[in-house]
Amino acid sequence: MADLSQAWRARHLTPGDSIGHTDTGGVDSHTEHVITLPPEHPLCALRDLWLSTPSSGASLRLDLLCGRGEDPLLPEKILSREDAPFVSALTRFSTKRIQQLVAAPAPSAGVDLDEAVFLYLSNDGMAAWMLLLPPVGDGAAITAQRLEQALVRRGVIYGVDQRLLNQLPTLPERYFQLFLIASGAPPEPGTAGSIVDHYPRVPQVGIQVDELAQADYETLRLVQDIQQGDVICEIIPPTRGVPGNTVTGRVVPAPPGAKAQVPQGRNTVLSEDGLLLLAAQDGHVEFTGQSFQVKPILEIPGDVSAATGIVNFLGDIHICGDVCRGAVVRAMGSIQVDGVVEDCSIEAGEDLVVSSGVLGQDHGIVRAHRRLYAKYLEHCRVYAQESVQSDCIIDCEVYSNGTVRVRTGRGVIIGGTVRAAEGVDASTVGSKAERLTNIVLGGLPCEDLERRLIQDEVDAAKLALEKLEAQPPETLAQSMALSKQRMNLYVAQMKLERLENSLERHQPPPPDKDHRRLTCDAIYPGTVVTVDHSSYRVTRTTLKCAIGLKNGLVGPIRL
C-alpha cells in the first residue's frame with residue numbers, strides 16, 4: 001500500500017508535473033475535464049491520511065477518465081461547486097468514510113476498512129461514474145466481482161464497460177480518480193418528413209442565347225402545363241426514432257420526426273396513401289405563397305383577331321398563333337404568345353411572353369403586371385410592373401417600375417421614350433442619324449402614367465359637364481345627359497381617389513439612387529437621359545458608358 005501511495009504522490013503532487021496525465025494501465029484518459037476540490041473537502045482529508053501528509057492544504061484534482069477512447073459523458077454539469085449534485089454526493093460519501101475512520105474505540109486500536117466504491121449516476125441516467133478509495137489497515141482490496149455487485153445494487157445493468165471493470169482492480173493508480181464505468185444510449189430522434197417537388201417552385205426565367213447572341217423566347221415557358229392526375233410533389237413521411245437506454249436499463253422513447261408541411265393548394269388532391277400531391281384538373285401548376293395551385297389554362301391553337309371577340313380569362317392563356325389587329329386579350333394569370341402581337345390590346349395579370357415580337361403600328365398596347373419578355377418591341381406602348389426584356393425597342397413608349405434590359409440580339413433602343421424606375425441596360429442607345437431617344441429614370445412610371453390618364457379623364461368629364469350646364473334651360477334630354485355626365489365625373493374621381501389611396505398604402509421603397517443609371521456599350525448623339533427632372537443630352541458618340549446622378553446632376557459616371 002505504501003508503494004501505491006508513493007507512486008500516486010510522485011505522479012500527482014510533484015511540483016511542475018502536468019496534472020491528469022496519469023498512466024492508468026491501458027485505460028484511455030481525457031484530461032481536458034478536471035474537477036478541482038478545495039483543501040477543506042473531506043476527500044482531500046482522506047487523501048492526506050492515505051499519503052500520511054496530514055493537513056497538507058493542497059487541493060485535489062479529479063481527472064475524468066474514460067475507458068473507451070471517447071470524450072467523457074458529463075452528468076448534468078459536473079462542477080467543483082458546493083451545490084453541484086456530484087460534489088454534494090461525494091461530500092456525503094467522504095464524510096461517512098471519515099466517520100468510519102474515527103470510530104476506533106481507542107487511539108491504539110486500528111480500523112480495518114475495505115477498499116471503498118463511490119458510484120454516481122447522472123440525473124438523466126446516461127452516465128455512471130466510479131471513484132475508488134484505498135483500503136485501510138487490513139481491509140480487503142476491491143475485486144471485479146465486488147465492483148459488479150456495486151453496480152447491480154445501484155441498478156446499473158446497461159452499457160457497462162466490462163473491459164474497464166475487469167482492469168480496475170489491477171490498476172496501480174486507481175484511487176482518487178473518476179472512471180466512466182457505464183454509458184447509456186441516447187435516443188435518436190426520427191428524421192423529419194420532406195417534400196420532393198416535381199415542378200419548380202420558382203420557374204426558371206433564363207432566356208437561352210446562342211453563339212450569335214440571339215435570344216430564343218420560345219423556350220421561355222412560364223406556363224407549366226399539367227394534366228389531371230399528374231404528380232406535383234412527393235411527400236416523404238417522417239421516420240420513427242430509435243429509443244435509447246439509460247444505464248439502469250430504462251427505455252428512453254425517441255421523438256418521431258416532424259411531419260412535412262404538405263403544400264396543398266387549390267385544385268390539388270392527395271393520393272389515397274397521402275404520399276403524393278396530384279393535380280385535380282388540367283391547367284397550369286404554380287407555387288404561390290405556401291402551396292402549389294393548379295390554375296386553369298386556356299389553350300388557343302390558332303390566331304386571335306378582332307373577329308374572335310374579346311378574350312377574358314381568369315387563368316393563364318397560351319396562344320399558339322398571332323394576336324392580330326384589333327384583338328383584345330386579358331388574363332388574370334400569364335400569357336404566352338408563340339407568334340406576333342400586332343396593333344391590339346393585350347394585358348397579363350402576371351407575366352407576358354411574346355416569342356416573336358410586337359408590331360404595334362403606334363396603337364398597340366401591351367401590359368404585364370409582373371414581367372414582360374418580347375423578341376422585339378416596335379411602335380407600341382408597353383407597361384410592366386417589374387421588368388422589360390427584349391432584343392430591341394424601336395419608337396416605343398415604355399413604362400417599367402423596375403428595369404429595362406436590351407442586351408440580346410441587336411440590343412438597341414432607338415427613338416421613343418423608355419421610363420424605368422431602377423435602370424436601363426442596353427448594348428446600343430440611339431442611332432448614327434441622331435434620332436431623338438429619351439431615357440427617363442426614377443419614380444414609378446406605371447403609376448405616374450395611370451394617374452395622369454385618370455386625371456385627364458377627370459378634367460375631360462368636368463369640361464363636358466360645364467358645357468352641359470351652360471346650355472339653355474333644361475329639357476328631358478339635357479337632364480338625362482347632365483345626370484350621365486355627373487356620374488362619369490363621379491366614377492373618374494373615385495378611380496383617382498382609389499389610386500391615390502392604393503399608392504399611399506403600398507408605396508414601395510425608393511430605388512437606390514446610385515443604381516438609377518443608363519448602362520450601355522455605345523450611345524449616340526440625340527439621346528437625352530433624365531433623372532429627377534435633371535437632364536443630360538449626349539453630344540458625341542461614347543463607348544462603354546454609364547449615365548446617372550453625380551453630385552445632384554445627370555452625367556457620365558464611372559462604372
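User: Are Tyr383 and Tyr399 buried or exposed?
Analyst: The model is predicted; local features need pLDDT of at least 70, side-chain atom pairs count only at pLDDT 80 or more, and totals for chains, interfaces and linings use all residues. Residues are numbered from 1 along each chain as its sequence is written, and side-chain values use heavy atoms, without hydrogens and water. A residue is buried under 20% relative accessible area, exposed over 50% and partly exposed in between, with a 1.4 Å probe and protein chains only. Tyr383 and Tyr399 are both buried.

User: How many aromatic pairs does the structure hold?
Analyst: Rings of Phe, Tyr and Trp (its six-membered ring) pair if their centres lie within 6.5 Å; planes under 30 degrees apart are stacked, over 60 edge-to-face, the rest tilted. The number of such pairs in the structure is three.

User: What kind of pair do Tyr383 and Tyr399 form?
Analyst: Their ring centres are 5.4 Å apart. The planes lie at 15 degrees, so the pair is stacked.

User: Which strands hold Tyr383 and Tyr399?
Analyst: Strands (E, at least two residues) are DSSP runs numbered from the N terminus. The two residues are 16 residues apart, and their pair links distant parts of the chain. Tyr383 is in strand S27 (residues 377-384), and Tyr399 is in strand S30 (residues 397-400).

User: What kind of pair do Phe287 and Phe292 form?
Analyst: Both residues, Phe287 and Phe292, are buried. Their ring centres are 5.0 Å apart and the planes are at 70 degrees, so the pair is edge-to-face.

Definitions and conventions:
Helix = DSSP H or I, 4+ residues; strand = E, 2+ residues; numbered from the N terminus.
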